[in-house]
Amino acid sequence: MFCRNFLKASAYDLNAVGSASLQSGDNPDSVPMPIVLIDQESDSEATIVQLSFGDRLGALLDTMKALKDLGLDVSKGTVSTEGLVKQTKFFITQSDTGRKVEDPDMLERIRLTIINNLLKYHPESSELLAMGEVFGIKAPKKKLDDDIKTRIQVKEDGPKRSLLYIETADRPGLLVEIIKVIADVNIDVESAEIDTEGLVAKDTFHVSYGGAALNSSMAQVLVNCLRYYLRTPETDIDSY
């Protein structure tokens, strides 16, 4: 398995979620920012998924059923309110093993299932979600390929691993495909921090090559492969 531990990091934590959604919620007629957080760090036994969409989410019974249809056990956790933002938390395990979800394909299916249900039961969210371009009632004002700039950064993170940061337009399957590109150049993903902020995916990976941090040549190979895959000739690249 290429990814031993998927988690949601503090780079866009609960306080950031609250502030971003509150900015959208200051105007009651505006559409709040949809946020999906996947947390693999806080609980050793379960994958934690947190969802917020201003104060518009209900009991989410249909979302829980859709996740159970993926072969998952889902229990609803806390529902907290911060300002105008209601945050709902789920605890998810695999039905067949009782363990947390670690497979990248299934994590992506969980993410897309939640977003699909947002589009279905809150169609106004389509203007702030990448999938709204095809499936929503109102396409995003931003053009995904033109208005959202891709950034790729590779930085040192100690002698045994490097930090890879990718910020790009979100789209279905992006996480799985990025991991495949990384694996194709024989680079190991030790952990990942997955963040979906509306139309933008912001993913951070801790990577290594042969048990060590990437040297400058290997970092450039990785950046070039990702740049080709993401098809962004104007990519903002920062590598060492």
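Colleague: How many residues does α3 have, and how far does it reach from its first C-alpha to its last?

Modeller: This is a predicted model, so read every value as computed from it. α3 has 18 residues. From first C-alpha to last, α3 reaches 26 Å, close to the 26 Å expected at 1.5 Å a residue.

Colleague: Is α3 enclosed or open to the outside, and why?

Modeller: Count its buried residues. In α3, 13 of the 18 residues are buried, so the rest of the structure largely encloses this helix.

Colleague: Step back to the whole chain. How many helices and strands does the chain have?

Modeller: The chain has 7 helices and 10 strands. Of its 240 residues, 51% count as buried.

Colleague: What share of the contacts joins residues 24 or more positions apart?

Modeller: Take the contacts with a separation of 6 or more. Residues 24 or more positions apart account for 62% of them.

Colleague: Now cavities. How does one find empty space in a model?

Modeller: Rolling a probe the size of a water molecule over the atoms shows where empty space is left. Here the structure holds 2 cavities of 30 Å³ or more. The largest cavity has a volume of about 50 Å³.

Colleague: Which residues line the largest cavity?

Modeller: The lining consists of Glu108, Arg111, Asp170, Leu174, Leu175, Ile194, Asp195, Thr196, Ala201 and Asp203. The elements giving two or more residues to this lining are α3 (104-121), α6, β8 and β9 (200-208). β8 gives the largest share, 3 residues.

Colleague: How many nonpolar, polar and charged residues does that lining have?

Modeller: By class, the lining of the largest cavity has 4 nonpolar, 1 polar and 5 charged residues.

Colleague: Pick one from the lining. Where does Asp195 lie, and is Asp195 buried or exposed?

Modeller: Asp195 lies in strand β8. With a relative accessible area of 6%, Asp195 is buried. Its C-alpha atom is separated by 9.7 Å from that of Asp39, 156 residues apart along the chain.

Colleague: Charged side chains bring up salt bridges. How many does the structure hold?

Modeller: The structure holds 7 salt bridges. To read one, take the closest N and O atoms, then check the exposure of the partners. Asp69 forms a salt bridge with Lys65, with those atoms 3.2 Å apart. Asp69 is exposed, with a relative accessible area of 56%.

Colleague: What about Asp157: which residue is its salt-bridge partner?

Modeller: The partner is Arg161, and the closest N and O atoms are 3.0 Å apart. Asp157 counts as partly exposed at 30% relative accessibility. Arg161 is also partly exposed, with a relative accessible area of 29%.

Colleague: Where do Asp184 and Lys180 lie, and how many residues apart?

Modeller: Both lie in helix α6, 4 residues apart, about one turn of the helix. Asp184 and Lys180 are both exposed. Elsewhere, salt bridges that share partners join Glu108, Arg111 and Asp170 into one network.

Colleague: Which residues of α6 are buried?

Modeller: The buried ones are Leu174, Leu175, Ile178, Ile179, Val181, Ile182 and Ala183.

Colleague: Is Asn186 buried or exposed, and why?

Modeller: Asn186 counts as exposed because its relative accessibility is 57%, and the cut-off for exposed is over 50%.

Conventions
Residues numbered from 1 in each chain as written. Predicted model: local features only at pLDDT ≥ 70, side-chain atom pairs only at ≥ 80, totals over all residues. Heavy atoms only, no water. Buried < 20%, exposed > 50% of the residue type's maximum accessible area, 1.4 Å probe, protein only. 1 Å grid on protein atoms, 1.4 Å probe; cavity = no way out; pocket = protein on both sides within 12 Å on 5 of 7 lines; lining within 4 Å. Points joined across faces, edges and corners; volume = space filled by probe spheres on them. Nonpolar A, V, L, I, M, F, W, Y, C, P; charged D, E, K, R; others polar. Expected span 1.5 Å × (residues − 1). Salt bridge = Lys/Arg side-chain N within 4 Å of Asp/Glu carboxyl O. Contact = heavy atoms within 4.5 Å.
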